[in-house]
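Here's a quick briefing to read alongside the model. It goes from the overall fold to the interface, and then to charged and aromatic side chains.

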2 protein chains.
Amino acid sequence: MRNDLELAAVYVSDAQYNRNIVFDTSPQGVRLYMLYNHWGLLALVYLLIIANLALALFEDPALFPLPIWVTLVTELICLMAFAGRLFHFGRVVPRDSFWKDAKNICIIVIISLTLLDMVIFGSLKAAGYYGVRWSRVLRPLLLVNITEGRQLRRAFRSIRNALPQILYVFLLFIFSVLMFSLMALKLFGKRGLKTKDGSPYFTNYLQIVFDLYVLVTTANSPDIMMPAYNANIFFAVFFIVYILINTYIFMSVFLAVVYNNYKKYLKEEVRQLVRAKRCKMARAFRVLQEPCGAEPVVTQARWNQLVRLVQPDISSAHRELLWSVSDTEKRGHIGKLAFMQLPDLLNIQVITVKSRPHPLQTWQPTLYSSTASQFICRMVKHKAFVYVYDVIILLNAVFIGLDEENSLISNVEWLFLGLYLLEILLKLYTFEPRAFFSKHQFWNWFDTIIIVSALISTVINSALKSTGGYSSRQILDIVFILRILRLIRVVDSIKRFRTIINTLIKIGPTILTFGQLILVVYYIFAMVGMELFKGKVRFFENGSTDSEHDGYTMVTHVSARIFFVLFHIVVVIIIINIFVAFVLEAFFVEY
Amino acid sequence: MRNDLELAAVYVSDAQYNRNIVFDTSPQGVRLYMLYNHWGLLALVYLLIIANLALALFEDPALFPLPIWVTLVTELICLMAFAGRLFHFGRVVPRDSFWKDAKNICIIVIISLTLLDMVIFGSLKAAGYYGVRWSRVLRPLLLVNITEGRQLRRAFRSIRNALPQILYVFLLFIFSVLMFSLMALKLFGKRGLKTKDGSPYFTNYLQIVFDLYVLVTTANSPDIMMPAYNANIFFAVFFIVYILINTYIFMSVFLAVVYNNYKKYLKEEVRQLVRAKRCKMARAFRVLQEPCGAEPVVTQARWNQLVRLVQPDISSAHRELLWSVSDTEKRGHIGKLAFMQLPDLLNIQVITVKSRPHPLQTWQPTLYSSTASQFICRMVKHKAFVYVYDVIILLNAVFIGLDEENSLISNVEWLFLGLYLLEILLKLYTFEPRAFFSKHQFWNWFDTIIIVSALISTVINSALKSTGGYSSRQILDIVFILRILRLIRVVDSIKRFRTIINTLIKIGPTILTFGQLILVVYYIFAMVGMELFKGKVRFFENGSTDSEHDGYTMVTHVSARIFFVLFHIVVVIIIINIFVAFVLEAFFVEY
Ligand code: NA
């Protein structure tokens with residue numbers, strides 16, 4: 001009985017969070033699987049992955065050098081944890097499906113190769129030889145291959161599926177660059193023109209191809225066209241046509257193709273997800289069903305037990321609401337169709353309509369209902385309250401702009417901090433605190449976190465100043481950033497801005513997946529780049545997309561050029577375009 | 001009778017070309033209106049507008065200086081022609097609708113102001129004073145306000161309608177830039193950092209705002225972040241977040257908003273066009289209708305007369321085809337509904353299905369049907385023929401890449417030219433010439449024009465060389481460009497590429513409207529910029545969008561910065577985004 005409920009709860013929870021794992025359905029298997037999905041273990045895995053990735057900061061060539069044994073031991077601990085996690089997973093899923101899953105093989109290969117690399121590197125170092133930690137390129141792949149990297153894998157799959165279409169446009173684009181380069185060679189090569197630094201202009205075909213490729217990014221514009229332009233003003237036409245075709249038309253076509261394909265494949269993925277979800281809910285139903293007339297049903301009692309197991313934190317009122325939505329005819333039991341809705345119902349953010357009474361109302365009813373108290377509440381709810389605080393924020397902006405060395409102005413900051421704190425306290429007095437801090441109240445959380453952090457840092461800073469006359473630059477920096485972030489609140493007062501900001505906030509979670517995608521790609525490029533150009537070029541790890549522009553003036557070696565062009569193709573043409581396509585889609589849907 | 005037909009023909013022609021002019025329907029009025037729409041007059045108007053715009057090349061500060069009186073007289077001739085055209089228009093349309101039309105008032109104001117400016121400028125010059133030809137800013141507005149500038153006006157209207165939405169996002173974007181600038185001031189201003197040239201780094205708020213605005217275009221990246229990055233590597237995070245939010249997210253949101261709004265308003269415009277077209281066709285029907293049973297009809301005889309008048313160049317076979325499409329029940333007359341389709345039928349590019357016999361077949365039937373002749377035809381139609389020429393083109397590309405000073409290689413060029421000529425002649429021998437050169441055979445036209453031009457220029461070049469040993473660089477340039485353009489043909493052999501290229505060719509005509517739009521905006525900016533920064537900065541007229549980046553390092557005056565930021569807003573944020581939106585839309589529809 002209990003085992004059945006647990007099994008059904010696991011199915012529902014899998015459907016709710018789009019997990020797609022075939023697990024052993026014996027009671028121990030289910031419990032092992034529940035442990036595998038425990039949030040604590042998940043958090044630990046992500047923490048270790050971050051630690052493993054962050055090792056690059058401490059390894060040669062390092063920002064903060066640490067002894068080699070420290071990084072090696074840390075990595076070993078991470079690898080052992082990942083191996084343990086994988087072993088746990090092997091116990092959860094049937095043996096044959098474990099070995100059929102490419103993800104598991106990937107992790108095993110990554111761990112083995114990394115261990116091999118560590119042994120080789122350690123021995124080389126011990127013997128005093130030079131070694132390369134080549135397995136570092138594999139680290140971000142763990143992020144892709146862990147069980148929880150579903151979204152990221154989906155994004156990579158969509159990219160892989162869009163690749164053939166992108167490839168055709170890319171070949172055409174390269175053809176266009178090659179043709180223009182040939183034209184440039186013929187037009188400018190024989191004219192004996194010189195660049196700014198006196199070297200011959202456009203005489204080497206491969207050099208021209210590279211320069212014109214970089215011109216697509218507008219990084220070397222207008223320098224690259226100046227010698228031709230100075231020779232004859234009409235040569236500008238050549239570059240205008242080039243930029244028009246290759247920067248504007250081709251880059252737009254890339255965006256169009258990426259957008260179209262990415263959307264198409266993502267839709268297919270979503271369709272598969274919905275199918276998998278239905279399948280899981282059907283299994284859960286089969287476990288809990290009881291015969292009743294022609295069709296099997298699930299009774300309210302079992303349903304209640306199930307929901308309490310799946311989501312222990314929801315109130316019984318909320319649970320009753322969900323039941324009444326499922327059992328519309330009030331028969332005390334529901335059929336398969338109504339049961340299937342459960343994961344979607346659980347995922348809905350129910351905003352409690354009936355407001356709970358304020359805790360002060362229950363604790364001190366006379367005081368809270370007094371005229372003065374009622375006046376405060378009405379005042380806080382009034383529109384003018386928002387406007388007054390908007391004016392305060394704008395005044396604050398002016399004071400921030402002024403010189404903070406002046407003691408009067410730094411004292412005024414205390415006043416502003418007090419006013420902001422007062423605002424939060426007044427709102428907490430007026431509104432029910434749990435409603436005020438509910439999940440969807442983004443700006444309330446924003447204000448409170450900013451103000452409390454600002455208060456703490458300002459107090460620490462003042463304490464440091466008054467004790468030793470010493471003011472920590474780091475803490476001051478944090479205080480300034482917090483103060484300025486507080487100013488952002490003003491845009492929420494204007495409805496039009498709020499719409500735009502809310503759309504941006506809504507696309508936030510998916511941007512996180514993109515963040516991981518970009519992290520993986522940048523990390524691999526950074527590791528390869530670091531080994532290739534160590535000491536030869538100043539490389540901005542995880543930095544601006546323009547790093548290739550700075551690099552290319554310093555590194556003239558062919559391999560460096562190939563590396564940077566590859567980086568541009570992957571990051572700008574594919575990743576950035578998918579990001580733009582994604583923001584476009586979100587805005588078309590939301591705005 | 002004849003008058004009625006002419007009136008109906010004018011209505012149909014207006015519907016076909018989306019003209020929307022209320023004209024005097026008297027017989028003389030109709031004839032005057034037909035004269036007004038004559039292609040010769042239209043061509044003259046566009047020629048004079050181009051001449052008028054091109055005057056800027058010959059005026060101070062000029063590329064090719066001409067005496068002031070020459071440019072003044074030329075402009076006077078243009079103005080008189082525009083005034084004459086407007087007078088003609090005034091005779092065509094009713095008096096009150098003429099004065100109600102903003103376009104006409106605009107042209108009158110532009111002509112008057114330009115005349116005034118010319119008089120003032122002339123007198124000042126005559127008296128030896130310094131004068132500014134401020135009315136030059138108005139010149140491109142003629143292109144917008146002439147009767148035929150419909151498409152351009154529609155584009156400007158769509159932009160104007162999208163402006164409020166763009167404005168809100170723009171304000172939010174500026175707010176973001178201001179906040180980041182404030183943060184930068186507080187974070188970096190007190191650190192005593194220095195830029196590469198030793199000036200204080202990020203100490204002036206307005207300077208920071210400008211620098212960070214330019215960073216959005218990535219023009220000053222990564223230079224602008226280097227001092228902070230060198231001081232503390234973690235400051236890179238500030239710039240990464242800045243670029244992420246302001247370059248990637250905001251620029252994508254701009255694109256999304258521009259795309260959404262432009263599409264919305266363009267749809268509305270198209271709906272209005274369709275309504276106007278129907279209204280005109282209803283009028284044409286009313287003129288030609290004859291009673292027949294319950295509903296009025298148009299007989300085939302009148303319909304034939306009408307079509308012959310509207311489009312004299314279509315064959316009677318084609319006309320009969322159109323009639324059979326309209327009169328599906330073969331009753332010899334059509335009702336209003338079938339009549340309304342006429343303009344759409346006329347606009348359809350009918351590809352003649354039944355191929356006409358080859359002229360040689362009629363002229364020399366025995367010879368053309370001989371085995372040898374049939375073999376040639378089969379050979380040309382064979383797939384291998386295309387492949388052979390693809391290989392020839394690729395070989396040609398290699399030879400072009402080699403040094404043309406070598407006499408062997410320059411002789412090989414004659415061989416390639418001969419081979420290409422042979423290809424065209426063989427195709428003309430095999431395919432019916434009129435079918436070969438029909439409107440939709442883009443690549444046949446392309447090949448023939450390129451090869452014939454290449455032949456002519458190569459012959460001229462050789463003649464010059466053999467007579468005086470002198471080789472004109474200009475003609476050589478043209479020869480090279482033609483040779484390389486010929487190589488483009490190779491992409492047409494690969495089906496995937498052809499799809500993409502065909503989409504690009506299809507969006508060609510609308511790109512022309514964009515070209516005009518950009519010309520108008522650039523011209524106005526160029527004229528204003530020329531007067532403001534004459535001699536102070538090297539300005540690239542109609543040049544790359546990056547002109548502001550080069551300018552900004554040289555011109556540090558505030559007005560120059562405002563000018564360049566304005567230029568960036570108008571050109572990049574609005575025009576380029578509309579262009580990208582437009583390419584996207586075209587690809588979503590076509591691809
Ligand atoms: Na740039």
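A residue counts as buried when its relative accessible area is under 20%. On that basis, 48% of the 591 residues in chain A are buried. Keep in mind that this is a predicted model.

**Overall build of chain A**

- Taken along the principal axes, the C-alpha atoms of chain A fill a box of roughly 90 × 75 × 55 Å.
- Of the contacts in chain A between residues at least 6 apart in sequence, 69% join residues at least 24 apart.

**Where A meets B**

- The contact count is 77 residues of chain A against 77 residues of chain B.
- What about salt bridges across the interface of chain A and chain B: how many does the rule find? The count is zero.
- Polar contacts do turn up across the interface of chain A and chain B, in two residue pairs, both at pLDDT 80 or more.
- On the chain A side, the helices that each supply at least two residues touching chain B are H8 (150–188), H10 (226–231), H11 (236–288), H19 (383–401), H23 (473–487), H24 (495–506) and H27 (558–590).
- H8(A) gives the largest share of that side, with 12 residues.
- Sorted by class, the side of chain A that touches chain B has 54 nonpolar, 11 polar and 12 charged residues.

**Salt bridges inside the chains**

- Side chains of opposite charge can pair when their charged atoms come close.
- Over all chains, the rule comes to 40 salt bridges.
- One of them joins the side chains of A:Asp117 and A:Arg133, at 2.8 Å from N to O. A:Asp117 sits in helix H6 (residues 102–126) of chain A, while A:Arg133 is in the loop between H6 and helix H7 (139–145), 16 residues apart from its partner.
- Are A:Asp117 and A:Arg133 buried or exposed? A:Asp117 has 1% relative accessibility, so it counts as buried. A:Arg133 has a relative accessible area of 6%, so it is buried too.
- In chain B, B:Arg133 forms a salt bridge with B:Glu75, and their closest N and O atoms are 3.1 Å apart. B:Arg133 lies in the loop between helix H6 (102–126) and H7 of chain B and B:Glu75 in helix H4 (residues 68–92), so this pair ties together parts that are 58 residues apart in sequence.
- B:Arg133, at 7% relative accessibility, counts as buried. B:Glu75 is buried as well, with a relative accessible area of 0%.
- For contrast, take B:Glu329 and B:Arg331, whose side chains meet in a salt bridge at 4.0 Å, N to O. B:Glu329 has a relative accessible area of 59% and is therefore exposed, and B:Arg331, at 48%, counts as partly exposed.
- Back in chain A, salt bridges that share partners join A:Glu59, A:Glu75, A:Asp117, A:Arg133, A:Arg136 and A:Arg139 into one network.

**A closer look at B:Arg139**

- B:Arg139 is in helix H7 (residues 139–145) of chain B.
- With a relative accessible area of 3%, B:Arg139 is buried.
- Its side chain and that of B:Glu59 are joined by a polar contact of 2.7 Å.
- Leaving aside residues up to four places away in sequence, B:Arg139 touches B:Asn52, B:Leu53, B:Leu55, B:Ala56, B:Glu59, B:Glu75, B:Arg133 and B:Tyr523.

**Aromatic pairs**

- The structure holds 72 aromatic pairs over all chains.
- In one of them, B:Phe170 and B:Phe173 have ring centres 6.0 Å apart and planes at 45°, so this pair is tilted.
- Both B:Phe170 and B:Phe173 lie in helix H8 (residues 150–188) of chain B, three residues apart, or about one turn of the helix. Both are buried.
- Over in chain A, one aromatic cluster takes in A:Phe180, A:Phe188, A:Tyr201, A:Phe202, A:Phe235, A:Phe238, A:Phe239 and A:Tyr242.

Terms used:
Residues are numbered from 1 along each chain as its sequence is written. Chains are lettered from A and ligands numbered from 1 in the order in which they are written. This is a predicted model: local features need pLDDT of at least 70, side-chain atom pairs count only at pLDDT 80 or more; totals for chains, interfaces and linings use all residues. Side-chain values use heavy atoms; hydrogens and water are left out. Contact means heavy atoms within 4.5 Å. A polar contact is a pair of N or O atoms within 3.5 Å; within protein, one must be able to donate a hydrogen and the other to accept it, and residues adjacent in sequence count only if both atoms are side-chain atoms. Helices (H or I, at least four residues) and strands (E, at least two) are DSSP runs, numbered from the N terminus. Ala, Val, Leu, Ile, Met, Phe, Trp, Tyr, Cys and Pro count as nonpolar, Asp, Glu, Lys and Arg as charged, and the others, Gly among them, as polar. Rings of Phe, Tyr and Trp (its six-membered ring) pair if their centres lie within 6.5 Å; planes under 30 degrees apart count as stacked, over 60 as edge-to-face and the rest as tilted. Buried means under 20% relative accessible area, exposed over 50%, partly exposed in between (1.4 Å probe, protein chains only).
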